[in-house]
Amino acid sequence: MKTRLLAISGSSRKDSVNKRLLDAAVAIARKQGAEVTVLDLRALALPLYDGDLEAASGLPEGAVRLKQAIREHHALLVASPEYNGFFTPLLKNAIDWATRPQEGFSSPFTGKTAALLAASPGALGGIRGLPALRVLLSGIGVLVTPGQMSLPLAQQAFDEQGALLNAQQHKMLEGVVSELLRTTLASASY
Ligand SMILES: Cc1cc2nc3c(=O)[nH]c(=O)nc-3n(C[C@H](O)[C@H](O)[C@H](O)COP(=O)(O)O)c2cc1C
């Protein structure tokens, strides 16, 4: 069976550099034999998490879709910008909704693996946002691979086809993706 990856960007912005880095990782993962679904968080139209809203109307449709998508995949490939040292509220809100209970289902995160990416126009590549994301995902039962990648000066990092111009950075991204696939296979029950 092919490994199924769910690719999520913490930015849904049209010209997002994180979407570009994620797309480059997705191309590599497909080349390495994975089946990949790219999920646009904006398309889920999730409201800001609100316990009163949840009590009154249950899970929004977007949250049900997100939980289902996570359940249907073996692993997550996540890229997020750094906002003031953290990953984005768009991503946090989506994860929060996805952890809310749903009758008849256990947590969609249990037993999943994940790899983390970040990109920024700045010199640090968004790396400061990844530790908090790692802690969050680990805390909800996701095995996060040790390897990760942050891409500095990301606006100049890609060619017109969306591939990384720098061979070393491309190799690093290949390494992150193959570690995710290896770890997922090693921990899989499929
Ligand atoms: C509220 C806010 C805070 C930001 N904080 C940081 C930061 O701490 N470090 C950084 O490298 N870039 C920071 N940025 C700049 C983002 O890295 C930049 O906007 C980037 O393009 C966002 O990612 P995207 O292109 O994938 O949307 C911040 C941007 C915003 C809007």
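Ser120 is buried, with 22 other C-beta atoms within 10 Å, where buried means that 20 or more other C-beta atoms lie within 10 Å of a residue's own, exposed means 12 or fewer, and partly exposed is in between, with C-beta atoms placed from the backbone. Before I go on, please keep in mind that this is a predicted model, in which local features need pLDDT of at least 70 and side-chain atom pairs count only at pLDDT 80 or more, while totals for chains, interfaces and linings use all residues. Residues are numbered from 1 along each chain as its sequence is written.

Ser120 sits in the loop between β4 and α5 (130-139); helices (H or I, at least four residues) and strands (E, at least two) are DSSP runs, numbered from the N terminus. If we leave out residues up to four places away in sequence, Ser120 touches Pro81, Glu82, Gly125, Gly126, Pro152 and Ala154, a contact being two C-beta atoms, placed from the backbone, that lie within 7 Å. Ser120 and Ser16 are 104 residues apart along the chain, and yet their C-alpha atoms are separated by 9.3 Å.

Ser16 brings us to the ligand, because a residue is counted as near a molecule if its C-beta atom, placed from the backbone, lies within 6 Å of it. There are 15 residues around the ligand, and the closest are Ser11, Ser16, Asn18, Pro81 and Gly122.

Let us turn to helix α1, which covers residues 17-31 and reaches 21 Å from its first C-alpha to its last, close to the 21 Å expected at 1.5 Å a residue, the expected span being 1.5 Å times one less than the number of residues. How many of the 15 residues of α1 are buried? The number is 11, so α1 is largely enclosed by the rest of the structure. Among these buried residues are Asn18, Lys19 and Arg20, and the buried residues of α1 pack against elements including β1 (4-9), β4 (113-119) and α6 (167-186). Just after α1, Gly33 takes a positive phi of about 100 degrees.

Helix α6 also holds Ser178, which is partly exposed, with 17 other C-beta atoms within 10 Å.

Finally, the axes of α3 (residues 61-71) and α4 (residues 89-98) come within 9 Å and cross at roughly 80 degrees, where axes are lines fitted to C-alpha atoms, for helices over the stretch in contact, and angles run from 0 to 180 degrees between N-to-C directions. At this meeting, Ala63, Leu66, Lys67 and Ile70 in α3 face Ala94, Trp97 and Ala98 in α4.
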